[in-house]
Amino acid sequence: MSFLRRRSATPAGPDFDVLAMDPGDWPGNLGAGLLPAPDGTCQGVFLRYDLFGGRGPAMIIGNLPEGSQARDVAEGEVPFEVAQLLIALENHEEVTVTGTEDMPVMQGDNLMIVRRLKLSETRISCVQFDRSDNVLVTIAAWDRPITDDLYALLKPLPAELFQQG
């Protein structure tokens with residue numbers, strides 16, 4: 001994915017491009033969260049897409065750079081984004097990863113290897129892929145499958161979206 005790269009100038013938010021759906025393409029509310037490290041660097045960004053009408057969170061897309069502590073999960077544990085989705089849903093059940101499956105997916109002219117995670121909570125769909133800049137993208141969706149159509153909607157979001165002020 002050659003169009004993704006580290007930014008040369010450091011914005012007030014993350015120092016990497018955030019790959020997600022444009023907020024204008026989603027018919028609901030968007031919330032963004034930054035994961036700060038003690039030294040002030042950005043350890044990741046996650047975007048929470050809620051359905052219109054307050055019907056609850058439908059999807060979380062995370063972008064975690066190499067070295068982010070949120071990427072370190074024990075075998076069988078769910079990714080950070082799945083845990084955030086469960087918190088947003090006020091679902092306190094124990095959920096584990098029961099298996100994975102790698103599959104090739106095209107995004108524009110780029111071939112990605114997507115890991116589809118199988119979870120003990122079957123209403124959650126979760127996929128992960130590594131970008132060319134070593135940022136791990138995780139998509140967790142509630143009660144809807146993640147199809148190949150979704151990858152066509154993913155694009156780098158403008159840096160201004162994450163600047164303070």
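Two strands count as paired if DSSP finds at least two bridges between them. In this predicted model, a hairpin joins β6 to β7 through 4 residues. The two strands run antiparallel and are joined by 3 bridges. Within this pairing, R116 has V127 in β7 as its bridge partner.

Strand β6 also pairs with β5. These strands run antiparallel too, and 10 bridges join them. Their hairpin has 2 residues between the strands. In that hairpin, G108 takes a positive phi near 65 degrees. M106 is found in strand β5, and its bridge partner in β6 is L111. M106 and L111 also belong to a nonpolar patch on the surface, together with I113. The accessible area of the three residues comes to about 320 Å² together. M106 has a relative accessible area of 49%, so it counts as partly exposed.

The protein chain has 2 helices and 9 strands. Along the sequence, the elements follow the pattern β-β-β-β-α-β-β-β-β-α-β. The chain has 165 residues, of which 48% count as buried. The accessible surface of the chain comes to about 8700 Å². Carbon and sulfur atoms account for 48% of that surface. Among contacts between residues at least 6 apart in sequence, 50% join residues at least 24 apart. D15 lies in the segment before β1. The C-alpha atoms of D15 and C42 are separated by 7.1 Å, although the residues are 27 apart along the chain. D15 has a relative accessibility of 31%, so it counts as partly exposed.

The interior was examined next. In soluble globular proteins, nonpolar side chains tend to be buried together. The largest nonpolar core here holds 29 residues. Within this core, M59, I139 and Y151 touch the most other members. At least two core residues each come from β1, β3, β4, β5, β6, β7, β8 and α2. The largest share, 4 residues, comes from β3. Leaving aside residues up to four places away in sequence, M59 touches M21, W26, L47, R48, Y49, I139, A140, A141 and L150. A second, separate core has 18 residues, including F46, L119, C126 and A140.

Charged side chains form 5 salt bridges in the structure. One of them joins D130 and R71, at 3.9 Å from N to O. This pair links distant parts of the chain, 59 residues apart. D130 sits in strand β7, whereas R71 lies in the loop between β4 and α1. D130 counts as partly exposed because its relative accessibility is 41%. R71 is likewise partly exposed, at 27% relative accessibility. A network of salt bridges links R71, R115 and D130.

Other salt bridges join residues close in numbering. R123 pairs with E121, and the closest N and O atoms are 2.9 Å apart. R123 is partly exposed, at 39% relative accessibility. E121 is buried, because a relative accessible area of 8% falls under the 20% cut-off. D133 and R131 meet in a salt bridge at 2.8 Å from N to O. D133 counts as buried at 11% relative accessibility. R131 is buried as well, with a relative accessible area of 3%.

Terms used
Residues are numbered from 1 along each chain as its sequence is written. This is a predicted model: local features need pLDDT of at least 70, side-chain atom pairs count only at pLDDT 80 or more; totals for chains, interfaces and linings use all residues. Side-chain values use heavy atoms; hydrogens and water are left out. Buried means under 20% relative accessible area, exposed over 50%, partly exposed in between (1.4 Å probe, protein chains only). Contact means heavy atoms within 4.5 Å. Accessible areas come from the Shrake-Rupley method with a 1.4 Å probe; for residues, only the protein chains shown count as cover. A nonpolar core is a set of buried Ala, Val, Leu, Ile, Met, Phe, Trp, Tyr and Cys residues joined through side-chain atoms within 4.5 Å. Patches are made of residues with over 30% relative accessible area and no salt bridge: like charges are joined within 9 Å, nonpolar side chains (Val, Leu, Ile, Met, Phe, Trp, Tyr) within 5 Å. A salt bridge is a side-chain nitrogen of Lys or Arg within 4 Å of a carboxyl oxygen of Asp or Glu.
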